[in-house]
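Please examine the structure shown below together with its sequence.

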Amino acid sequence: MINLIRGFKDILPDEVALWQHIETTAIDLFQSFGYHEIRLPIMEKTELFARSIGEDTDIVEKEMYTFPDRKGDLLTLRPEATASVVRSYIQHKMYAVDPARKFYLIGPMFRRERPQKGRYRQFYQIDVEAFGIASPYVDVQMIFMLHTLLDRLGVKETRAHINTLGDPECRPAYREALLGFLNGVQAQLCADCKRRKDRNPLRVLDCKVPTCRAAVAEAPSLMDYLCDTCRVHFDTVCRTLDELEVPYIHDKRMVRGLDYYTRTTFELQTDALGAQSAVAGGGRYDGLVEALGGPPTPGIGFAIGFDRLVEVVAQGRTAAPQPLDLFIAALGERAQHHAFGWLSALGRDGVSVEMDYAGRSLKSQMKRADRLSAAHVLIVGDAELDKGAAVLRNMSTKEQSEIALDNLPETLRQQLS
Ligand code: AMP
């Protein structure tokens, strides 16, 4: 027997209803705020991710599924969506008429992480990106949409963690100060942080290793280095979130893993997931479009971990069976033949309908109708065909009535709707 690959998973029909519910709730909300769906390939040139996410990030250093195609070009299964959306925005010159464009994308991402609960190698993200809007209001809109989505999905225990990472004007001075501090405590840092601190000292603040956390407890704070524009931007974000009554925590240690972030970063965390507490994360990336060859264009986005969101929403819910309007219990070959014609006509007209194809007994067909949660069962055998009328049973009231076979699909469609 051949099993699926470690770290991958199947999403079975019983679970899919919840995925669809979350997806339609999200799409509904994003469309209200003017975001449009974009669908992009799951594979891109490796260089796209290396240049945007950053060479010394965990993702690029060790987690990408990268392979040479037959001509030797290096290709990568996308580990996240932002780089691809930026690539597409630039390639199709979407900035030309109006640089302000807003997108959402839903699909699988691939990272070769250590598989564990809540962490998969193929996982799904609901991704939202906005280009061409420098205003802090769009930062607020992102956090507001996330907050509203979780609220609509009935998830209560969530917190937005927000922070600012400054911009190319103020971050370099902070970086220097932080590096100076880290050099003083380097004996206490883990091997990864020792190696990374010179190229990307901010990442050390985000390290989960307890000795690193202790070592950076007294590290200088970026808040003391912010330039005026970044400070005003962040203050506006905080004030507007207050006005919209979105609860948040200013989490000064949250730097997020990727290189391209500037100014506002945010995560939505919940206690419902144990260690993997972030359901969604994102931030502003004002330099990325230009870095990838487009015109200077501000950008901001977030990704929801779809798998994790499903887990959170599923807690305390029982899977609702997919409703079935009608089960046709056909007895004998002749009845089966008619039943198949009715089933085809009803299904075409939008009635959900199933029948038995194996010629089972009435008792076992009724059992199956029950298992499928059919609202009604139509019972028809040779006697009913000869008589020109079948029996329709309402499965919740147990009432049975006779129904003429002439024009049956039409009569049923009216009765069942
Ligand atoms: P990131 O792109 O790393 O900011 O991740 C955004 C969100 O995607 C996270 O908050 C998680 O909810 C989810 N996520 C990231 N990596 C994985 C993974 N390996 N398995 C499941 N969900 C993930």
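In this predicted model, strand E10 provides the largest share of the shell around the ligand, namely three residues. In total, 14 residues surround the ligand, and the closest are Arg-111, Glu-113, Tyr-120, Arg-256 and Ala-278. Sorted by class, the shell comprises six nonpolar, three polar and five charged residues.

A side-chain N or O atom of Arg-111 is 2.8 Å from an oxygen atom of the ligand. Ala-278 takes part through its backbone, with an N or O atom 2.9 Å from a ligand oxygen. For Arg-308, a polar side-chain atom lies 3.4 Å from an oxygen atom of the ligand. The ligand on its own has 490 Å² of accessible area, of which the protein covers 91%.

Ile-42, Met-43 and Phe-67 make a nonpolar surface patch of about 220 Å². Of these residues, Phe-67 is located in strand E3, which covers residues 66-68. Is Phe-67 buried, partly exposed or exposed? Phe-67 counts as partly exposed because its relative accessibility is 33%, and this class lies between the limits of 20% for buried and 50% for exposed residues.

Definitions and conventions
Residues numbered from 1 in each chain as written. Predicted model: local features only at pLDDT ≥ 70, side-chain atom pairs only at ≥ 80, totals over all residues. Heavy atoms only, no water. Near = heavy atom within 4 Å. Polar contact = N/O pair within 3.5 Å; in protein donor to acceptor, adjacent residues only side chain to side chain. Areas by Shrake-Rupley, 256 points an atom, 1.4 Å probe, with all protein chains shown as cover. Helix = DSSP H or I, 4+ residues; strand = E, 2+ residues; numbered from the N terminus. Nonpolar A, V, L, I, M, F, W, Y, C, P; charged D, E, K, R; others polar. Patch = residues over 30% accessible without salt bridge, like charges linked within 9 Å, V, L, I, M, F, W, Y side chains within 5 Å. Salt bridge = Lys/Arg side-chain N within 4 Å of Asp/Glu carboxyl O. Buried < 20%, exposed > 50% of the residue type's maximum accessible area, 1.4 Å probe, protein only.
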